[in-house]
Amino acid sequence: MQNTARPTDAARTVPVAARAAGGRHATGLGRLPEWNLADLYKSPDDKALKADIEASRRDARAFEKKYQGKLAKLSGSRLAAAIVEYERIDEVLSRIMSYAGLLYSADMSDAKSARFMQSMQEAVTGISTHLLFFALEINRIDDRTMNAKLKDKTLAHYAPWLRDTRAFRPHQLDDTLEKLLLEKAVAGRSAWVRLFDETIADLKFAVEMPGKGRKTERREMGSAEALSLLSNKDEKVRKAAAQAIGAVFSSNARVFALITNTLAKDKEIEDKWRHFPRPVSGRNLSNHVEDEVVDALVGAVRDAYPRISHRYYRMKAKWLGKKKLDHWDRNAPLPNDDDRVIPWRDAVGTVLDAYGRFSPDLAAVGRKFFDNDWIDAPVRPGKAPGAFAHPTVPSAHPYLLVNYQGKSRDVMTLAHELGHGCHQVLAGAQGHFLSDTPLTLAETASVFGEMLTFRKMLDGAGDDRTRKVMLANKVEDMINTVVRQVAFFEFERRLHDRRREGELLVEDINAIWLEVQGESLGPAIRFDEDYQYYWAYIPHFIHSPFYVYAYAFGDCLVNSLYAVYQNADAGFAEKYLDMLRAGGTLRHQELLAPFGLDASDPAFWQKGLGIIEGLIDELAAMK
């Protein structure tokens, strides 16, 4: 299941039918919606699900018999007809895995859901082996022959999908090896990812919460709640949570180091066979972005560390009356932050109003998620931490997962994931294959949605004190999205490079983690011994290696895009919606051209980073 997740330090069941009309109340939050997955399937025992599996198995075998070894000789129109048939089968398989993955995300500690997802993965993988030949044969057609076929208008519709499929031609293995890798994935990489998820879901964090007088109350909680306490107003609570998190991951570090080492070695082996020059090259190719563009982004952000994160945390330390910030103070509220709980209803109104000010059409798309059961919001034991948007398939609709706890950052997270959801709905009109958007561009709509929501909230700030708190929160979000994610990227780069020399001990991984954290966060942050284990719970390292730079890409892109919007004439919103509707049909150069932006220009990244620096300047000028 491919998700589009919000950047997070954590990141990311009861039968669905029993919760279809769900909703939970938490203190001050009001009714929190729970998703209803019945638009995919009614239950794991749904007859429609079983029928889809059987039909897909039958159709895949018939497809293989009909087309294997014959694609090069097909006319353009007949190849187009084959792609239509292939797309239909693949969409059904994607629907099955979307359902299984979402059900599992709702409670990763539930053995039945885990078994169901594994069973579906094995069934879909078995079916997919009969379809694997299709892309491999397409890639063996020479360019001259393919260009001749593309003169057919029906096939030309799929030109973007063919372009992206054929981009992997230099890295394609022979059919037998490709089939072996596909079949072994369920007992290899996928199994290790599942081990990570279920280990995280089962962990319990015992936090010593301050009680009355000098007494403390020992509370046991999951990772999402424990991580949320790192932004608590009470320093004692933050410290207690940080120590509990460190203690738990320290005691489980060998397991997470084994998972990390195994997956890094697995990637190294496959990269070598596919002749990828660098560990990140495969990710860049799937994102349709050149290595040089990513290098320019990462270089620009790292050069900006002193001007952004180092400077900001020095300022924050002074605001909190400290010479240095302990790492559990990094996301602490400012002294004047009222830290009020924001009810779900208010959060929804804020986000939809912000979207509506920009475009009523965009807000109308967003409202569908709240009018229907497309969002899962409550914190629950075993639920996937963090947040994500999953597009499922165009014949259905996306689903959003958040862990809403009433903080202002939770409102920003909602705005972020709703941006993904709107993008996925709008792009869905392109169809199953052409709606898929590379990660770098997938983050555009989410971060833009955040910016719209922030600007609305900032405009409503009643006084300078509130404005300062909001600006500081936004700067911290930007640091988490840009600086922190590039630091995560740098951690992955160094870890994968070192893994090629041999297996890494826990101590080796800890050292790389502390090195990149010190570089990125600066001398104003102090780390204790427990912090060295905090690498262990970042899901992106496990689920999607080198995913993280996409956040920095999206944030800097949106900063530049928003600057254009502020000075744009009428018509910007429609051009923006057209960009979202394009899905995966256009590359970033083509999508940004109508706005006069070029991500291949090094100045582009400097412009985006300059927006963050400007907000810090504004904070520095305030009393």
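The following legends describe close-up views of a predicted model.

**View 1. Helix H25 and its buried face.**
Helix H25 comprises residues 572-581, and its buried residues are Phe 572, Tyr 576, Leu 577, Met 579 and Leu 580. Because these buried residues fall within an arc of 150 degrees when H25 is seen down its axis, they line one face of the helix. An α-helix has 3.6 residues a turn, so residues three or four places apart point the same way. The partners of the buried residues of H25 are helices H16 (344-358), H17 (360-371), H18 (408-427), H19 (439-459), H24 (549-566) and H26 (588-592). Just after H25, Gly 583 adopts a positive phi of about 55 degrees.

**View 2. The packing of helix H24 against helix H27.**
Helix H27 spans residues 602-621, and its axis lies 8 Å from that of H24, at an angle of about 80 degrees. H24 is therefore roughly perpendicular to H27. On the H24 side, the contact is formed by Phe 553, Asp 555, Cys 556, Leu 557, Asn 559, Ser 560 and Ala 563. These meet Phe 604, Trp 605, Lys 607, Gly 608, Leu 609, Ile 611 and Ile 612 of H27. Classified by residue type, the contact of H24 with H27 has 9 nonpolar, 3 polar and 2 charged residues.

**View 3. Strand E4 and its pairing with strand E5.**
Strand E4 (residues 205-210) pairs with strand E5 (residues 216-221) in the antiparallel sense over 6 bridges. Within this pairing, Phe 205 stands opposite Met 221 of E5. The covered face of E4 carries Phe 205, Val 207 and Met 209. Its uncovered face carries Ala 206, Glu 208 and Pro 210.

Glu 417 is located in helix H18. Its relative accessible area is 0%, and the residue is therefore buried. A distance of 20 Å separates the C-alpha atoms of Glu 417 and Val 483, which are 66 residues apart along the chain. Glu 178 is located in helix H8 (residues 175-184). Glu 178 counts as buried because its relative accessibility is 9%, under the cut-off of 20%. Leaving aside residues up to four places away in sequence, Glu 178 touches Leu 132, Leu 136, Gln 172, Leu 173 and Arg 274.

Most residues other than glycine have a negative phi, and most peptide bonds are trans. His 275 has a positive phi, near 65 degrees, and lies in the loop between helix H12 (253-274) and helix H13 (281-286). With a relative accessible area of 59%, His 275 is exposed. His 288 has a positive phi near 60 degrees and lies in the loop between H13 and helix H14 (291-304). With a relative accessible area of 14%, His 288 is buried.

Phe 116 belongs to helix H3 (residues 111-128). A relative accessibility of 10% places Phe 116 among buried residues. Apart from residues up to four places away in sequence, Phe 116 touches Pro 44, Leu 49, Tyr 99, Ala 100 and Leu 103. For Leu 103, 13 residues away along the chain, the C-alpha atom is separated from that of Phe 116 by 9.0 Å.

Phe 196 is part of helix H9 (residues 189-202) and is buried, at a relative accessible area of 2%. Beyond residues up to four places away in sequence, Phe 196 touches Phe 256, Ile 259, Ala 536, Tyr 537, Ile 538, Pro 539, Ile 542 and His 543. Although Phe 196 and Pro 539 are 343 residues apart in sequence, their C-alpha atoms are 8.3 Å apart in space. Thr 260 is part of helix H12 and is buried, at a relative accessible area of 14%. With residues up to four places away in sequence not counted, Thr 260 touches Leu 495, Trp 535 and Ile 542. Thr 260 and His 496 are 236 residues apart in sequence, with 9.6 Å between their C-alpha atoms.

Key: Residues numbered from 1 in each chain as written. Predicted model: local features only at pLDDT ≥ 70, side-chain atom pairs only at ≥ 80, totals over all residues. Heavy atoms only, no water. Buried < 20%, exposed > 50% of the residue type's maximum accessible area, 1.4 Å probe, protein only. Helix = DSSP H or I, 4+ residues; strand = E, 2+ residues; numbered from the N terminus. Arc of directions from axis to C-beta. Contact = heavy atoms within 4.5 Å. Pairing = 2+ DSSP bridges. Axes fitted to C-alpha atoms, helices over the stretch in contact; angles between N-to-C directions. Parallel < 35°, antiparallel > 145°, perpendicular 65-115°, else oblique. Nonpolar A, V, L, I, M, F, W, Y, C, P; charged D, E, K, R; others polar.
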